[in-house]
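Biologist: I've got a chain open here and want to talk it through. Can you put it up for both of us?
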Amino acid sequence: MFMCSRFTCAEKNKTKVLLDTNGETLKQVLTSNYRPFLIKPNIEELATLLSKQIADDNQIIDAMQGGIFKEIAWVVVTLGSKGAIVKK
């Protein structure tokens with residue numbers, strides 16, 4: 001996978017990876033052995049990753065704390081005109 005080769009290169013050079021992608025590419029990275037420093041899914045992408053509807057900010061905050069996001073230093077979930085929620 002192309003993204004994994006980018007992660008291998010980044011690790012060799014001790015470079016942090018900021019990942020802004022979606023769909024299957026994002027899912028593949030999050031389920032691989034690689035951990036980006038930052039990811040930036042929007043609320044719809046987050047719901048797709050979790051296979052559930054997101055009803056409120058508390059669900060976003062809870063989701064960002066564990067599971068596939070646990071080892072990612074920064075998670076920025078964008079909410080369109082409502083701003084963003086950040087885990088750091």
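Biologist: Where is Asn33 found?
Modeller: Asn33 is in the loop between helix 2 and strand 2 (38-39). Helices (H or I, at least four residues) and strands (E, at least two) are DSSP runs, numbered from the N terminus. One caution: this is a predicted model, where local features need pLDDT of at least 70, side-chain atom pairs count only at pLDDT 80 or more, and totals for chains, interfaces and linings use all residues. Residues are numbered from 1 along each chain as its sequence is written, and side-chain values use heavy atoms, with hydrogens and water left out.
Biologist: Is Asn33 buried or exposed?
Modeller: Exposed, because its relative accessible area is 77%. The cut-offs are under 20% for buried and over 50% for exposed, with partly exposed in between (1.4 Å probe, protein chains only).
Biologist: What separates the C-alpha atoms of Asn33 and Thr21?
Modeller: 17 Å, with the two residues 12 apart along the chain.
Biologist: Back to helix 2. Which of its residues are buried?
Modeller: Leu26, Val29 and Leu30, in a helix that covers residues 23-30. Looking down the axis of helix 2, these buried residues fall within an arc of 95°, so they line one face. That arc is taken from the directions from the helix axis to the C-beta atoms.
Biologist: And helix 4, which residues are buried there?
Modeller: Ile60, Ala63 and Met64. Down the axis of helix 4 the buried residues fall within an arc of 100°, so they too line one face of their helix. The face turned away from that buried side carries the exposed residues Asn58 and Asp62.
Biologist: What covers the buried residues of helix 4?
Modeller: The cover includes helix 3, strand 3 (74-78) and strand 4 (84-87).
Biologist: Switching to strand 2. Why is Leu38 called buried?
Modeller: Leu38 is in strand 2. It counts as buried because its relative accessible area is 18%.
Biologist: Which residues does Leu38 touch?
Modeller: Val17, Leu18, Leu19, Ile72, Trp74 and Val76, leaving out residues up to four places away in sequence. Contact here means heavy atoms within 4.5 Å. The C-alpha atoms of Leu38 and Ala73 are separated by 6.2 Å, though the residues are 35 apart along the chain.
Biologist: How about contacts across the chain: what percentage join residues at least 24 apart?
Modeller: 37%, among contacts between residues at least 6 apart in sequence.
Biologist: Now the loops. What is phi of Ser51?
Modeller: Near 55°, a positive value in a residue other than glycine. Ser51 sits in the loop between helix 3 (43-50) and helix 4 (57-65). At 68% relative accessibility, Ser51 counts as exposed.
Biologist: And Ser81, where does that lie?
Modeller: In the loop between strand 3 and strand 4. Ser81 counts as exposed because its relative accessibility is 83%.
Biologist: Zoom out. How many helices and strands does the chain have?
Modeller: Four helices and four strands. From the N terminus on, the order is α-β-α-β-α-α-β-β.
Biologist: What share of the residues is buried?
Modeller: Of the 88 residues, 36% count as buried.
Biologist: Last one: what box do the C-alpha atoms fill?
Modeller: Roughly 40 × 25 × 25 Å, taken along the principal axes.
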